[in-house]
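Hello,

Here is the structure I promised to pass on to you. Have a look at it first, and then read my notes below.

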Amino acid sequence: MNRSLDQLDADPRMLLELPTPILSVYLAHLDQATDDPEARRLATVALLAALGATEAQTEIVEDAFAEAEPGRPARALFVGADGAHHACELPGSPVPDLVLSAGVPHLTPLLAWRQAHPAYVLALLDRAGADITVQPEQGGPSVTTTVTGPDDDGGADDPAGWSRPRYRPGADASWRDNARRAADEVAAALDCFGARILLSGGDVRAVQCFTDALPPRIRHTVTMAKIGGSRHADGAWPPRALRVAEKVAALVRERTEDLLAELSDSGGTGGTDGTGGCAVDRPSAVIRALAQGRVRTLLVSEAPDRNRTAWFGSGPAEVAVHRDELPGQDPAPRYGPLTDVAVRAAVLAGADVRILPAGTPGSPISGLAAICRD
């Protein structure tokens, strides 16, 4: 699988450094049965010509079509005016063919796909140890590590194992030690991969000991959920893989719902002038909050309005709705679609960006809102 954009783990900020105007090209999934690749290529080339794409830019996009094979997943391609470019595949993305040219890349579909594929850790435990699987973000290959330790099997005659008080004290100590080993390994994996989701399953008592052994900082900052089934591979594994995917998707939705609830509880009224309060839900107020460095989380509709524009300079705080309001001394300010400019500022400032799928209840009417730092 082609994993450019530096193997899909690259910082999106590199896309903001491409020389302008920047082409943002999304190529939909290539369906072997129904698609006509040549017709799609010709339509895209026509759009490129209408947008004034350079010869180098057009050649790169055409090369992407030439590399396409039946069944190919959706792809994102960002091309600078000088031909510098980054590309990545977006397996499972429903994005349609899309070609845009502006002073800032259109990152919303890419960020939506990344959001749907978060990093997570899955720990399957029993009294003898654990199998710990790390799934990197963006669908990268998973890695499984086995943690083992002594198994003083005081409950071997008892199928209930941990569930009955018939084990020897030595067994209790060894099983708790194994849980601590697993907790240490999981904490290190969460930190290493920046994962904020932890799924666990297996022996009920082992899972409880494991949870108790996790560092408090992990229990307080990571979303934790349970997955049914035993530790060992058996008939439960195929449905478990589906349950894991469903659980991760549900946790992603819940996080979005939590942020929208926070926006609603704040009234979305950080003052409509963007000078106070914890949240703003008018585009102009969001831009002002970004200029003030106050935004903690930017919420953006999956299909933003591209008719409104905003101005920006080189720094994350150099952003304004009108050019004469632009802070800083950038000698060559640029402009682009307001939502894309807002996303750019948030990414540069290190703020979270949450993409709101179409039809999400509670989404801001304008398609843009921000939750600010206290």
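How are α2 and α3 oriented to each other, roughly parallel or roughly antiparallel? Helix α2 (residues 37-50) and helix α3 (residues 55-66) have axes that come within 10 Å and cross at roughly 165 degrees, and therefore the two are roughly antiparallel. The cut-offs are under 35 degrees for roughly parallel, over 145 for roughly antiparallel, 65 to 115 for roughly perpendicular, and oblique for the rest. Axes here are lines fitted to C-alpha atoms, for helices over the stretch in contact, with angles from 0 to 180 degrees between N-to-C directions. The α2 and α3 crossing is right-handed; that word applies if the near helix is turned clockwise from the far one by less than a right angle, and left-handed if anticlockwise. On the α2 side the contact (heavy atoms within 4.5 Å) involves P37, R40, R41, T44, V45 and L48, and on the α3 side T58, V61, E62 and F65.

Before going on, a word about the model. It is a predicted one, where local features need pLDDT of at least 70 and side-chain atom pairs count only at pLDDT 80 or more, while totals for chains, interfaces and linings use all residues. Residues are numbered from 1 along each chain as its sequence is written, and side-chain values use heavy atoms, leaving out hydrogens and water.

The mean pLDDT (the predictor's confidence in each residue, from 0 to 100) is 85, and 86% of the residues reach 70 or more. For residues 1-9 the pLDDT is below 50, and the stretch 269-276 is also below 50. Where pLDDT is low, the predicted coordinates should not be read in detail.

Overall, the protein has ten helices and 16 strands; these are DSSP runs numbered from the N terminus, with helices (H or I) of at least four residues and strands (E) of at least two. Of its 374 residues, 48% are buried (under 20% relative accessible area with a 1.4 Å probe, protein chains only; exposed is over 50%, partly exposed in between).

Helix α9 (residues 283-291) packs against helix α10 (residues 338-349) at about 25 degrees, with axes 10 Å apart, so α9 and α10 are roughly parallel. Their crossing is left-handed. P283, I287 and L290 of α9 meet L338, A342, A345 and A346 of α10.

Lastly, look at T146 in strand β7 (residues 143-148). T146 is partly exposed, at 47% relative accessible area, and touches A130, D131 and R231, leaving aside residues up to four places away in sequence.

Enjoy exploring!
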